[in-house]
Amino acid sequence: MTIAADQEPDLVVLYRKMYQIRRVEERLEELFRASEIYGSLHLCIGQEATVTGACAALDREDYITATYRGHGATLAKGTSVQAVVAELFGKETGCCHGRGGSMLLTDLTVGNLGCSGIVAGGIPIAMGAALSARLSKNTRVALTFFGEGATNQGVFYESLNMAALWKLPCIFFCENNLYAEMTHISKEASVQRMADRGCACSVPGIVVDGNDVQAVYRTTAQAVARARAGQGPMIIEAMTYRLTGHMFGDSQVYRPKEEVESWRKRDPLLVARRKLEDRGTKAEIIDRIHQEVETEIEQAIAFARQSPEPKAEEVSEYVYC
Amino acid sequence: MSTASQPLTEGSERILTYAQALNEALREEMARDQSVVLLGEDIGEYGGIFTVTRGLLGEFGRERVFDTPISEGAIVGSAIGLALTGYRPVVEIMFVDFVFVASDQLFNHAAKARYISGGQRTVPLVVRTQQGSGGGKGAQHSQCLEALFCHLPGWKVVAPSNAADAKGLLKSAIRDGNPIAFLEHKALYFQKWPVPTGNSTIPIGKARVVREGRDVTLIAYSKAVQLAASAAEQLAEEGVMAEVIDLRTLKPLDLHTILESVAKTKRVVLIHEAHRFVGLGAELAATIQEKAFHYLKGPVQRIAALDVPIPFNRTLEKIVLPSTGAIISAVHSSLGR
């Protein structure tokens, strides 16, 4: 999705992207359960509005870094379903030729500098890309996705400080899903609002409903405009919730079922769908989106199944240039 | 730093310190390539604690030379971000001991970025740092950590032993395109050597035979080359002709030069200032016995730092570090004397 920050995309467009991410995640979970794909699987079901709204406020040339829960961010920044699914199959046709896998999706063609398997690992890299944009005197911005747990890592503050010190066009986008892996925020953070942590470096922070894709878009668009105008970094804290476990196989004993159910009622897709219905969007339009997305995903899975494995003799390719 | 106070002709030699030679390499590469930028602690206005970056801020300005906060993780991370988006950052980590602070970015990110992206990303990043004993600097400012970098696929590792190599290798490192750990030695910065003028680079991955010999091969790098050379000097007085190899690059290793020498002398002593256990000597010894076992007339010997943290006390520190005497003893033992 590459829509200029000053043109708010229609809600139908945003809904379509969220639905695509949701269905990719659901299908990946099924494929994982069936042992067709393997390794690790960190789904972003329930968090689709954060990445969709945020990436809609970026241009294709803008940079992102993201986390091991990065399928959604990767799709939202514009990588094809085919390239993502094939990567999870470990195939040569995947966006990283099967060398990265679920946690490490990267696609430079759309400005995705990479997802990281290390909590907070992508934050300083995005900050460096923002420094690069400033040095090159272009209007690019860098946006880094991370969870609230990452704000307890040292490199988060190091990066925030440097971004503020040098007024870099860097947006610190915190997806606060209330749990750092399996531990509730109340047991891991000394503050209630991660956005407040910007105070440490005089970086303004704003909290937004992370399950309202339009609110996320508008907030991010403001931060982007501010960054492009040379006014420096911002923290956006998007309040959201992952409706599935931290990773495939998570027992989820650490959270009450009622909590999950209450968030399910605020599922970002439901929120968007209600808005569409309220404004009179016809059911056929939504149904057609669903059908098109299903077709796209099934074609991508078929493509991945038929794709070749990486060649054994190329196992050492790509270590050095 | 006024290394060129008087005009010199191309290809001639001057006497420069190791620090001056490094400074010259940085200046030349920054002038040659606008994408080369420097980041590090106290490297701008102060000129670097070992004076390596002196004058570069004035010459190239604040858009090329960045004094950073003391934030090693973010320094290296931001350099990766720069490298992924068209720049060639040269980072100075003030002491190698501080790489542990930046280790996630160095080892989980820079090292693997290219591979795990299926070749999409390249990281033309040079991490300049200095290591080794400076006499009484203690356990957190005297380590030699080359084995860390050598162990992880993705890094190339360079450790120059003199000013001319420092300059030529740094120029090659900046042009290379891969993450390079450029390991300087703090005790060498103010020693002097002849250094050629002009655009001379030294290839990465090529060792140098410092002194030819027939009886034993002494393999060293960085400051330990001086120990090896001095041992060879003393051995010559008793008629033992030692060949001395300066590895220059630790990864990739120049196996050709090493094995050619082993085939000739049939005896090997490895010398480094890093700890002995799982040090580079272990890898070299294993490789030499794998590739040249039938040439060897005796076990490959290792002279390295003892496996204790570097003590502050002068006498104890000396006991921990490798010495010329220890090399000579190892050669004697190797020759069955």
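How does the radius of gyration of chain B, with 337 residues, stand against that of a compact globule? A compact globule of 337 residues would have a radius of gyration near 20 Å, and chain B agrees, because its own value is 20 Å. The radius is taken over C-alpha atoms, and the globule rule is 2.2 Å times the number of residues to the power 0.38. The C-alpha trace of chain B spans about 60 × 50 × 40 Å along its principal axes.

The model is predicted: local features need pLDDT of at least 70 and side-chain atom pairs count only at pLDDT 80 or more, while totals for chains, interfaces and linings use all residues. Residues are numbered from 1 along each chain as its sequence is written, and chains are lettered from A and ligands numbered from 1 in the order in which they are written.

The secondary structure of chain B comprises 12 helices and 14 strands (DSSP runs numbered from the N terminus, helices being H or I of at least four residues and strands E of at least two). Five of the strands of chain B form an open sheet with mixed pairing, in the order β9-β11-β10-β13-β14; two strands pair if DSSP finds at least two bridges between them. From one strand to the next, the twist averages 25° (axes are lines fitted to C-alpha atoms, for helices over the stretch in contact, and angles run from 0 to 180 degrees between N-to-C directions). Within this sheet, β10 (residues 216-220) and β11 (residues 242-246) of chain B pair in the parallel sense over five bridges, and B:I219 stands opposite B:I245 in β11(B). Helix α10 (residues 280-292) of chain B packs on the sheet, where it touches β10, β13 (268-275) and β14 of chain B, and its direction makes about 155° with that of β13(B). Contact between two residues requires that their C-beta atoms, placed from the backbone, lie within 7 Å.

Chain A contains an open sheet of six strands with parallel pairing, ordered β2-β1-β3-β4-β8-β7. Because β2 (112-116) and β7 (205-209) of chain A each have a single partner strand, one side of each is left without a neighbour in the sheet. Neighbouring strands of this sheet are turned by 20° against each other on average, direction ignored. Six bridges join β3 (residues 142-147) and β4 (residues 170-176) of chain A in the parallel sense; A:T144 has A:F172 as its bridge partner in β4(A). Helix α5 (residues 123-136) of chain A packs on the sheet, touching β1 (63-67), β2, β3 and β4 of chain A, with its direction at about 170° to that of β3(A).

Elsewhere in chain A, the axes of α2 (residues 48-56) and α7 (residues 213-228) come within 7 Å and cross at roughly 40°. The helices α2(A) and α7(A) are therefore oblique to each other (angles under 35 degrees count as roughly parallel, over 145 as roughly antiparallel, 65 to 115 as roughly perpendicular and the rest as oblique). The residues of α2(A) in this contact include A:A49 and A:G53, and those of α7(A) include A:V213 and A:Y217.

Between the chains, 34 residues of chain A are in contact with 34 residues of chain B. On the side of chain A, the elements giving two or more residues are β2, α5 and α6 (154-165). The largest share, nine residues, comes from α5(A).
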